Amino acid sequence: MTPILEVEDLSVALGGRKRWIGRSIPPVQAVRGVSLAVAPGEVLGIVGESGCGKTTLGRAILGLQRESGGRILLDGAPVSGLAPQAARRARNAIHYVHQDAGASLDPWWSIGRALEEALVVQGVRDRAERQARVAEVLEAVGLDAAAGRRYPHEFSGGQLRRVALARILALRPRIVVLDEPTSGLDMSVQAMVLTLLRDLQARYGLTYLFISHDLSVVRRFCDRVAIMYLGRIVEQAPTVRIFAAPAHPYTRSLLAAAPRLSGRRVEAAPALQGEPPSAARLPPGCAFAPRCALAEDRCRAIDPPLAPHGATQVACHRAAEIDPDAATTPGYATALPPAG
Ligand code: SF4
């Protein structure tokens, strides 16, 4: 089956042109050589610490961020490098749900007006058609028709998530980029949002890119997961595989910090130490080396490519030595710095 979305060797550099006291500020390599493919109807989770580039990757896929290298394909056809109007047309199939659902709404506009306006911008001229679509999507997200006459401040956080979803559903998307869709919500509202997303996916045949740092939500919701670290995908695998047998030292440390999710298999992985290096001044070699208990000389010299490793793709020189199915990782016990 042709993937609905492909990203090939994508790079995004941010800033880097300003001068400050006569010195150039180097660009931040927010996304570095990312490749992925998403099948129609699939949910791909993109996971990593804050600043890892996952939101920038989502914005580049949407065309909101210019890529500095690589390309993006929809249904096998490139959408990178097109003129702005053609790019907008090509990317009409992809829409974005912002993590702050209320921030994308004008406080002075009723919800009905905001939803209709999105359709006007998309070129739906017929008023009756616009109103029918607005009523349909409000019903689809579980809001009654009267919600269209209310204003953003009259909705709770969970209801605003519903409104945000209604707004993009009205535009008939095929791919939805969900940026931290459950952040800031309590557990019961989170569960409600995830159930709603599942229902909408079934009803409209949607494909999701699910950007999150919340591993428990990702485990419940995603079919496949890509783990990002400092702009690169360091591991990619089906969700079940990632959580049962993580193969990259970074993934193992992430899961070690959440033993409830990982079980006993990664108990030997050390928790993450320190902060990631600046994306504007990446060290040579593997960017995870300064925090990796398994780092050796070649790690500090050569950046490992993402390569198949059993059922997983991993970017690690020592992937072959790590048995992801094992309860312990050889080398961790001696590689860890002495306590104290
Ligand atoms: S390449 Fe080396 S430093 Fe990077 S994750 Fe693998 S073992 Fe650690």
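**Notes on the chain**

I started with burial: 49% of the 340 residues in the chain are buried (under 20% relative accessible area, with exposed over 50% and partly exposed in between, using a 1.4 Å probe and protein chains only). I kept in mind that this is a predicted model, where local features need pLDDT of at least 70, side-chain atom pairs count only at pLDDT 80 or more, and totals for chains, interfaces and linings use all residues. Residues are numbered from 1 along each chain as its sequence is written, and side-chain values use heavy atoms, with hydrogens and water left out.

Next I looked up the secondary structure and found 11 helices and 14 strands (DSSP runs numbered from the N terminus: helices are H or I with at least four residues, strands are E with at least two). I also checked contacts, meaning heavy atoms within 4.5 Å. Among those with a separation of 6 or more, 65% join residues 24 or more positions apart.

**The sheet**

I traced an open sheet of four antiparallel strands in the order E4-E1-E6-E7; pairing here takes at least two DSSP bridges between two strands. Strands E4 (28–38) and E7 (77–78) are at the edges with a single partner strand each, so one side of each has no neighbour in the sheet. E1 (residues 5–14) pairs with E4 over seven bridges, and Val12 stands opposite Val31 in E4. Helix H1 (residues 54–62) lies across E1, E4 and E6 (69–74), at about 115° to E1 (axes are lines fitted to C-alpha atoms, for helices over the stretch in contact; angles run from 0 to 180 degrees between N-to-C directions).

Which residues did I flag for phi? Most residues other than glycine have a negative phi. Asp9 has a positive phi near 50° and sits in strand E1. Asp75 also has a positive phi near 50°, but it lies in the loop between E6 and E7. At 43% relative accessibility, Asp75 is partly exposed.

**The cores**

I then turned to the nonpolar cores (buried Ala, Val, Leu, Ile, Met, Phe, Trp, Tyr and Cys joined through side-chain atoms within 4.5 Å). In the largest, of 65 residues, Leu197, Leu200, Tyr208 and Phe210 touch the most other members. Helix H5 (residues 157–169) gives the most to this core, seven residues. Domain 1 (38–63 + 81–222) and domain 2 (243–335) both contribute, so this core lies between them; the bounds come from an automatic or database domain assignment. A second, separate core of 28 residues includes Leu5, Leu74, Val79 and Ile94.
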